[in-house]
Amino acid sequence: MKLIAPVFILFISFQINIYSQEIESPKFGKGLFNLVGKDSSWTMKIGTRFQFLASNLMAEGQNPATNFLIRRARLKFDGFAVSPKLKYKIELGLSNRDMSGVSQFTGNTPRYVMDAVIKYNFYENFVLWVGQTKLPGNRERVISSANMQQVDRSILNARFNIDRDIGFQLRHHFTLFNDFLIREIFALSQGEGRNVVTGNLGGHQYTGRIELLPFGKFEGKGDYFGSDLKREQKPKLAIGVTYDHNNDAVKTRSNMGSWMVTDTGFHETNINTLFIDSMFKYKGFSLMTEYAVRDADDPIAKNSDGTETGDVVQIGEGINIQGGYLFKNNWEISGRYSGVTLDENITGKNPEQQYTFGISKYIVGHSLKVQTDFSLIDFENQSDQYLYRLQFDIHF
């Protein structure tokens, strides 16, 4: 009996060693498993990531508010089926923040599904996307939360982004001359945001975007991640313009925000959002700029008797300027200015400005990093606030 345990442990160790030799794990940050069908007719990369966030918000005359949070926790699956021209992506959000927004419109269930999209390259440079994913909105929003230069996105993104929705996207690109690349995107979506199960409640949402890259592609798709981790040896620039029209929208921020409920159903109004953004990178230096403006035909929700419900469309404009320099030891300093001015007569909200200084250490690029930043939040006619954040990010 005394020999059974050591022999059993030795046998298990031998089996694990054989198995580990047969199955080669991907490089760190490239997924947990990269599966390939026996006939090579399909692939699947399985990955996971999470972010731990510690924050402290201070305001004059108030006690500091400290919070420890699992900000994001995700599972990701992507690959192709039948042909490399037919790709797919599934991303599930498992943290409370990822699933927030439960309502009767989502079947009173957690919103686990972030992305569930098929991408079909059906002809030359034309790709059709079908399913739920990010709309082609402002650049900062389309950049993955795993690949941000600072701890989190700006107040411009918080007020104006159009996030995810369910529908169709048609994407195309071509080279005009030399390396001058042009991308075009058109999206038709439901208009109420992700995981809505009650069908179309207002009209539909139409989004168009064009991107100009006069000096060609960025290394490793660097126009869509923060910091110049690739250390571009030649200047690279991307300029994007998005126009979004949400016809008969029923939420206060286009397909985001709260539902504008009235005594007869929903308040419906056309909401238009314009984004203009850019990304520049060169030898460790990066600069991203964004401008957003939103308007609505009838921004004040009213009941049938003309009384106001209290819900209003968040119309106004915002600006975001963010830059940083990555040193050769992969430490980075970054700074950001963001300003949002909503229509005070409609929204009752004062202009807001935020100044942020950040420090990041990229241990294995964006796959393993530590980031911290400090922000001064300036509200007009209110006391200033101070926000300190520290975040750890790991991405398999």
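Student: Is Phe-105 buried or exposed?
Tutor: This is a predicted model, so the value is computed from predicted atoms. The relative accessibility of Phe-105 is 8%. The cut-off for buried is under 20%, so Phe-105 counts as buried.

Student: How are the rings of Phe-105 and Phe-266 set, stacked, tilted or edge-to-face?
Tutor: The structure holds 14 aromatic pairs. In the pair of Phe-105 and Phe-266, the ring centres are 5.8 Å apart and the planes stand at 55 degrees. Stacked needs under 30 degrees and edge-to-face over 60, so this pair is tilted.

Student: How many residues apart in sequence are the parts that this pair ties together?
Tutor: Phe-105 sits in the loop between helix H2 (96-99) and strand S5 (113-123). Phe-266 belongs to strand S14 (residues 265-266). The pair therefore ties together parts whose separation in sequence, in residues, is 161.

Student: Which residues do ring pairs link into a cluster?
Tutor: Ring centres must lie within 6.5 Å to pair. Pairs of this kind link a cluster made of Tyr-120, Phe-122, Tyr-123 and Phe-126.

Student: Which element gives the largest share of the largest nonpolar core?
Tutor: This core has ten residues, among them Leu-135, Phe-160, Phe-275, Val-340 and Leu-342. Two elements give two or more residues to it: helix H4 (155-160) and strand S20 (331-342). The largest share is three residues, and it comes from H4.

Student: How many residues are in the second, separate core?
Tutor: Ile-143, Leu-181, Phe-218 and Tyr-224 are included in this second core. Its residue count is eight.

Student: Which residues does Leu-342 contact, leaving aside its neighbours within four places in sequence?
Tutor: Leu-342 is one of the residues of the largest nonpolar core. Beyond its sequence neighbours, Leu-342 touches Phe-160, Gln-314, Ile-315, Gly-316, Thr-347 and Lys-349.

Student: What is the volume of the second largest pocket?
Tutor: Its lining includes Arg-159, Arg-253, Leu-342, Lys-349 and Glu-352. H4 and S20 each supply at least two lining residues. By class, the lining has four nonpolar, three polar and four charged residues. The pocket volume is about 190 Å³.

Student: Which strand gives the most to the lining of the largest cavity?
Tutor: This cavity has a volume of about 130 Å³ and 17 lining residues. Ile-143, Gln-149, Gly-226, Met-288 and Gln-322 lie nearest its centre. Strand S16 (285-296) and strand S19 (316-326) each supply at least two residues. With three residues, the top contributor is S16.

Student: How many polar residues line the largest cavity?
Tutor: Five lining residues are nonpolar and four are charged. The polar count is eight.

Student: Which strand supplies the largest share of the lining of the second largest cavity?
Tutor: The space in this cavity is about 60 Å³. Of its 14 lining residues, Gly-131, Thr-133, Gly-167, Phe-168 and Gln-169 are closest to the centre. Strand S6 (126-134), strand S7 (164-175) and strand S8 (181-189) each supply at least two. The largest share, five residues, comes from S7.

Definitions and conventions: Residues are numbered from 1 along each chain as its sequence is written. This is a predicted model: local features need pLDDT of at least 70, side-chain atom pairs count only at pLDDT 80 or more; totals for chains, interfaces and linings use all residues. Side-chain values use heavy atoms; hydrogens and water are left out. A nonpolar core is a set of buried Ala, Val, Leu, Ile, Met, Phe, Trp, Tyr and Cys residues joined through side-chain atoms within 4.5 Å. Buried means under 20% relative accessible area, exposed over 50%, partly exposed in between (1.4 Å probe, protein chains only). Helices (H or I, at least four residues) and strands (E, at least two) are DSSP runs, numbered from the N terminus. Contact means heavy atoms within 4.5 Å. On a 1 Å grid over the protein atoms alone, a cavity is a set of points where a 1.4 Å probe fits but cannot get out, and a pocket is an open set with protein on both sides within 12 Å along at least five of seven lines; lining residues have an atom within 4 Å of a point. Grid points are joined across faces, edges and corners, and a volume is the space filled by probe spheres set on the points. Ala, Val, Leu, Ile, Met, Phe, Trp, Tyr, Cys and Pro count as nonpolar, Asp, Glu, Lys and Arg as charged, and the others, Gly among them, as polar. Rings of Phe, Tyr and Trp (its six-membered ring) pair if their centres lie within 6.5 Å; planes under 30 degrees apart count as stacked, over 60 as edge-to-face and the rest as tilted.
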